[in-house]
Amino acid sequence: MTAPDPTPVEVETPFEVGLATEGLSKAFGGVQAVDGASVQFHHGKVNALIGPNGSGKTTFFNCVTGMIRADAGTVSYRGRSITGKAPHRIARAGIGRSFQLCRVFPRMTVLENMLTAVRPGSLPRLLASAHHRDDVERARELLARVGIEHLERAEARDISYGQQKLLELAGVLMADPETIMLDEPAGGVNPALIERIAELVRSLNAEGRTFIVVEHNMELVMSLSDHVVVFDRGRPICEGPPSVVQNDPRVLEAYLGI
Ligand SMILES: Nc1ncnc2c1ncn2[C@@H]1O[C@H](COP(=O)(O)OP(=O)(O)OP(=O)(O)O)[C@@H](O)[C@H]1O
Ligand SMILES: [Mg+2]
């Protein structure tokens with residue numbers, strides 16, 4: 001009798017480093033939200049960043065994108081330092097992001113929201129300057145891509161939360177980012193729109209865009225990602241392909257608190 005073959009282990013091949021941090025830390029008063037996190041995301045892939053509530057994922061995103069200043073540590077993108085740079089500089093380096101709590105202007109139309117996404121600056125100034133034909137054309141193309149072009153004249157507050165998330169994603173695409181960071185794209189979104197978001201991530205990735213996705217919907221994470229990083233208490237505790245991560249006892253422990 002021969003012994004059964006050992007379960008095949010998915011082995012990751014060498015990868016190109018995209019966004020990376022070394023010893024990134026951020027405390028709020030006594031709370032160490034990000035705690036010396038050293039992470040390397042895979043360029044050209046769909047990366048997921050998961051972890052229990054309060055494990056520091058959003059704070060990590062905020063530090064990396066320059067929204068808040070880290071207390072310590074470095075951030076680099078494709079080998080170049082972006083440590084301490086302002087959000088618009090980081091955007092110019094090719095990194096776009098969405099927010100956990102969707103950021104759209106509720107009283108502006110869907111199309112107007114798209115046009116504000118393209119030119120950071122004061123609201124009156126950008127409204128006055130944004131209506132270039134190219135921008136409008138591009139905005140319409142992207143609205144069609146995410147499937148809400150029929151809503152361009154609706155005020156953002158009148159469309160569903162899931163549609164607002166699609167609007168936010170379309171807005172992120174206005175800047176043509178190479179790497180897209182999404183903070184809970186499926187949170188509070190109905191299943192049909194979750195599927196649409198998943199398909200968009202897949203097709204945008206197939207066209208060469210890198211993703212780093214924070215998400216609690218495990219089915220979505222496991223079906224979408226090439227590489228998963230698991231956070232607990234402000235730092236990575238485990239990483240690898242989905243099939244490896246989901247069977248790692250450290251991950252179960254972090255989630256179940258056992
Ligand atoms: N602005 C802030 N002021 C004070 N404490 C904060 C602030 N932002 C985050 N924290 C704390 O830092 C820790 C990490 O929070 P963070 O929002 O980064 O976690 P998360 O992993 O994104 O959680 P979730 O999955 O619930 O979105 C938490 O203890 C949180 O209460
Ligand atoms: Mg969060």
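A residue belongs to the surroundings of a molecule if one of its heavy atoms lies within 4 Å of that molecule, and helices are DSSP runs of at least four residues, numbered from the N terminus. In this predicted model, the largest share of the shell around ligand 1 comes from helix H1, which supplies three residues. The points below look at that shell and then at a set of paired strands.

**The shell around ligand 1**

- There are 14 residues around ligand 1, and those that come nearest are Asn53, Lys57, Thr59, Gln100 and His216.
- Helix H1 (57-64) and strand S2 (31-42) each supply at least two residues of this shell.
- Sorted by class, the shell holds eight polar, four nonpolar and two charged residues.

**Polar contacts and cover of ligand 1**

- A polar side-chain atom of Thr59 lies 2.5 Å from an oxygen atom of ligand 1, while for Gly54 a polar backbone atom is 2.8 Å from an oxygen atom of the ligand.
- The side chain of His216 has an N or O atom that is 2.8 Å from an oxygen atom of ligand 1.
- On its own, ligand 1 has 630 Å² of accessible area, of which the protein covers 61%.

**Strands S1, S4 and S5**

- Strand S4 (residues 72-77) pairs with strand S1 (residues 17-28) in the antiparallel sense over five bridges, and in this pairing Ala20 stands opposite Ser76 of S4.
- S4 also pairs with strand S5 (residues 80-81), again in the antiparallel sense, over two bridges, and here Ser76 stands opposite Ser81 of S5.
- S4 and S5 form a hairpin with two residues between them, and Arg78 in the turn has a positive phi of about 50°.

Definitions and conventions: Residues are numbered from 1 along each chain as its sequence is written. Chains are lettered from A and ligands numbered from 1 in the order in which they are written. This is a predicted model: local features need pLDDT of at least 70, side-chain atom pairs count only at pLDDT 80 or more; totals for chains, interfaces and linings use all residues. Side-chain values use heavy atoms; hydrogens and water are left out. Two strands pair if DSSP finds at least two bridges between them. A polar contact is a pair of N or O atoms within 3.5 Å; within protein, one must be able to donate a hydrogen and the other to accept it, and residues adjacent in sequence count only if both atoms are side-chain atoms. Accessible areas come from the Shrake-Rupley method with a 1.4 Å probe; for residues, only the protein chains shown count as cover. Ala, Val, Leu, Ile, Met, Phe, Trp, Tyr, Cys and Pro count as nonpolar, Asp, Glu, Lys and Arg as charged, and the others, Gly among them, as polar.
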